[in-house]
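Good morning, and thank you for coming.

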Amino acid sequence: MKPYAEMSKEELVALRRDLKAKYHDFQTKDLKLDMSRGKPSVEQLDLSMGMMDVLSSDDDLTCEDGTDCRNYGVLTGIDEAKELLADMMEVNPSTIIIYGNSSLNVMYDTVSRAMTHGIMGNEPWCRQDKIKFLCPVPGYDRHFAITEYFGIEMINVPMTSEGPDMDMVERLVASDPAIKGIWCVPKYSNPQGYSYSDETVRRFARLEPAAPDFRIFWDNAYGVHHLYDHDQDHLIEILAECKRAGNPDLVYKFASTSKISFPGSGIAAIATSHNNLEDIKVQLKNQTIGHDKVNQLRHVRFFGDIHGMVEHMRKHADIIRPKFEAVEEILERELGGLGIGQWTKPKGGYFISFDSLDGCAKDIVARCKKAGVVMTGAGATYPYGKDPHDSNIRIAPTYPPLGDLVVATELFALCVKLTSAEKLLKEMENKP
Ligand code: PMP
């Protein structure tokens, strides 16, 4: 089929009639499918059930330094968990604090602490005039939700396949002391699955912010989440690069085992400079006596070491790779060459990002919903839920079983076609 933009009005009218009939067929199927959130499937969760067996009532729950994990204590995490998470995050164990069950929680706390108490002796953000964050777009809705909640003004920065537009990032952080942070998902980004290039990481480490309390919020959520064994993205490690660049305190790096073990019952961590760690601990020691050490021990005993974790991630990849490939294959078959959409082909992470013609995303998502397929809300990938082009849609292929995913993606592609045909026809009708 030829590109939609090259079709005559008559061709488009006939096409719309045909697509509408197909859409009505889908509506009669009474579908109830969900492609909205990046959750592991049941099969993936089953991979970690062995974690329920590694600790039993007969076991000695003493950790390496002699601490009884059943009792209070150890503010920053047990040594063996620090070692495991440090290997996962490609940093030294001495740079890590292990937290509770969620890295988003750590990010929220980090923003909250900066708000109320400031960063390393600087005036608390709440006492400063205005606070702004840079938000590479499209990006992760829950990042934007945190900064919105604290009344922080968010500024869109376009993403490229190499990472955020660094000319813009450098210019803005150097010129405006109200800019205090930037949200980054550097590897297999949410939603595009892009990984930052070496050049991008080097430029991040060499930023010259006007604000002394500016920090990069480096959310390494998908650090070990490759889809392929022999084609993986590798990034320059940001903490080491910041140190080399003479900017050791510039970055907070976050990660968790949410999509490795169990989302909501994993372990999360922050890695950062010695100065930042000390700054954080002033608050942390008032917040808790220590996080869940039994869960930390359970993770260490289940994975053993980073090699065990890498092996485990191969099993995840074997389950989700066919799902990503099925979505890409259907999109290519149904939409390739039509000029009505573009999508990413990630080598890892949890999402595929789809861009429709401008002004179509909301209608496509609404159409999918009417036929029983829930997608992530259009606009969710932008601060304040406002996609200026109304074109980006996040596809989350991991959760539904493969058969459901195929049906859902076929419906999605149909909705893209129908909405695009209608838009082009409307444009023709409006032309003088
Ligand atoms: N960061 C990113 C980029 C994510 O995609 C997700 C999960 N969708 C999270 C953080 C959530 O992490 P956690 O479960 O550790 O809070």
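This is a predicted model: local features need pLDDT of at least 70, side-chain atom pairs count only at pLDDT 80 or more; totals for chains, interfaces and linings use all residues.

Strand 4, residues 153–160, pairs with strand 5 in the antiparallel sense over 2 bridges; two strands count as paired if DSSP finds at least two bridges between them. Strands here are DSSP runs of E of at least two residues, and helices are runs of H or I of at least four, both numbered from the N terminus.

Residues are numbered from 1 along each chain as its sequence is written.

The open sheet has 8 strands in the order 2-9-8-7-6-3-4-5, with mixed pairing. Strand 2 (96–98) and strand 5 (163–164) are at the edges with a single partner strand each, so one side of each has no neighbour in the sheet.

I turn to the helices. Helix 3 (residues 79–89) packs against helix 10 (residues 293–303) at about 60°, with the axes 9 Å apart. Axes are lines fitted to C-alpha atoms, for helices over the stretch in contact, and angles run from 0 to 180 degrees between N-to-C directions. E80, A81 and L84 of helix 3 meet Q296, H299, V300 and F303 of helix 10, contact meaning C-beta atoms, placed from the backbone, within 7 Å.

Finally, helix 1 (residues 9–27) and helix 13 (residues 402–430) have axes that come within 9 Å and cross at roughly 145°.

Methods: Two residues are in contact if their C-beta atoms, placed from the backbone, lie within 7 Å.
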